Amino acid sequence: MMNPAARQTEIVASMTVIEISEENFPEVTRIYGEGLATGTATFETTIPSWEKWDSGHLSFGRILAVEENNYLGWAALSPVSSRCVYGGVAEVSVYVSEAARGKGVGEFLLKKLIEISEANNIWTLQSGIFRDNVASHKLHMKCGFREIGYKERVGQLKGVWKDNVLMERRSKIVGI
């Protein structure tokens, strides 16, 4: 039996990235639904239509991680504001399928998203993470994000108040 670290390296080495499209959006919704089920990923409780999801995300930085024919996770960038001064700031979403968690998929996706964001003149990435989503917090820290504060009891999910830890990553090559 292969040790877990070796299997993680094997998965990461064999992953490719494809763009999210209307055709593969059912895989995005499947993975998103698995994230919703955790209760630690988002305040959202329903899966959006393609049209709603498409209009809420930037035209670049919409990626799916694939190994052979398996969709392992996705990541995307959303604008934080329509004001032009925030044109170089984007919010990050990263979701990993239940079967692929703990195997390096999230790190692979977030690092690719950072590359794509910088290639598209994004100087700041930000994320709001539930305090109890320890794995996501560790992932973001590992990829160069830092905590900048938190919103205490900012909203309820199924009647439970949630804190949102605010994290950001400033590019070292864009906007300096």
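Is Gly 87 buried or exposed? Gly 87 counts as exposed, at 52% relative accessibility. Here buried means under 20% relative accessible area, exposed means over 50%, and partly exposed lies in between (1.4 Å probe, protein chains only).

Before moving on, note the ground rules. This is a predicted model, in which local features need pLDDT of at least 70 and side-chain atom pairs count only at pLDDT 80 or more, while totals for chains, interfaces and linings use all residues. Residues are numbered from 1 along each chain as its sequence is written, and side-chain values use heavy atoms, with hydrogens and water left out.

**Stop 1: around Gly 87**

Stay on Gly 87. Gly 87 sits in the loop between strand 3 (70-79) and strand 4 (89-96). Helices (H or I, at least four residues) and strands (E, at least two) are DSSP runs, numbered from the N terminus. Now show the contacts, meaning heavy atoms within 4.5 Å. Leaving out residues up to four places away in sequence, Gly 87 touches Ile 122 and Trp 123. Then select Val 134, which is 47 residues from Gly 87 along the chain. The C-alpha atoms of Gly 87 and Val 134 are separated by 29 Å.

**Stop 2: the aromatic rings**

How many aromatic pairs does a search of the whole structure find? The search finds eight. Rings of Phe, Tyr and Trp (its six-membered ring) pair if their centres lie within 6.5 Å; planes under 30 degrees apart count as stacked, over 60 as edge-to-face and the rest as tilted.

Select Phe 25 and Trp 50. Their ring centres are 5.2 Å apart and their planes are at 70°, so this pair is edge-to-face. Phe 25 belongs to helix 2 (residues 25-38) and Trp 50 to helix 3 (residues 50-55), so the pair ties together parts that are 25 residues apart in sequence. Phe 25 is buried, with a relative accessible area of 7%. Trp 50 also counts as buried, at 15% relative accessibility.

The rings of Trp 50 and Trp 53 have centres 5.8 Å apart and planes at 25°, so the pair is stacked. Both residues lie in helix 3, three residues apart, about one turn of the helix. Trp 53 is buried at 5% relative accessible area.

Now widen the selection. Ring pairs link Phe 25, Tyr 32, Trp 50, Trp 53, Trp 74 and Tyr 95 into a cluster.

**Stop 3: two helices**

Select helix 4 (residues 105-119) and helix 5 (residues 134-142). They pack at an angle of about 45°, with their axes 10 Å apart. Axes are lines fitted to C-alpha atoms, for helices over the stretch in contact, and angles run from 0 to 180 degrees between N-to-C directions. Where do they meet? Gly 106, Glu 107 and Leu 110 in helix 4 meet Leu 139, His 140 and Lys 142 in helix 5.

Next, step to Asn 121. Asn 121 lies in the loop between helix 4 and strand 5 (124-130). Its phi is near 65°, a positive value in a residue other than glycine. Asn 121 is partly exposed, with a relative accessible area of 48%.

**Stop 4**

Select Leu 157, in strand 6. Leu 157 counts as buried at 8% relative accessibility. Beyond residues up to four places away in sequence, Leu 157 touches Gly 39, Thr 42, Phe 43, Glu 44, Thr 45, Phe 130 and Lys 162.

Move to Lys 158. Lys 158 is in the loop between strand 6 (146-157) and strand 7 (160-170). Lys 158 counts as exposed, at 75% relative accessibility. Lys 158 has a positive phi of about 55° although it is not a glycine. Finish by selecting Phe 43: its C-alpha atom and that of Lys 158 are separated by 9.0 Å, with the two residues 115 apart along the chain.
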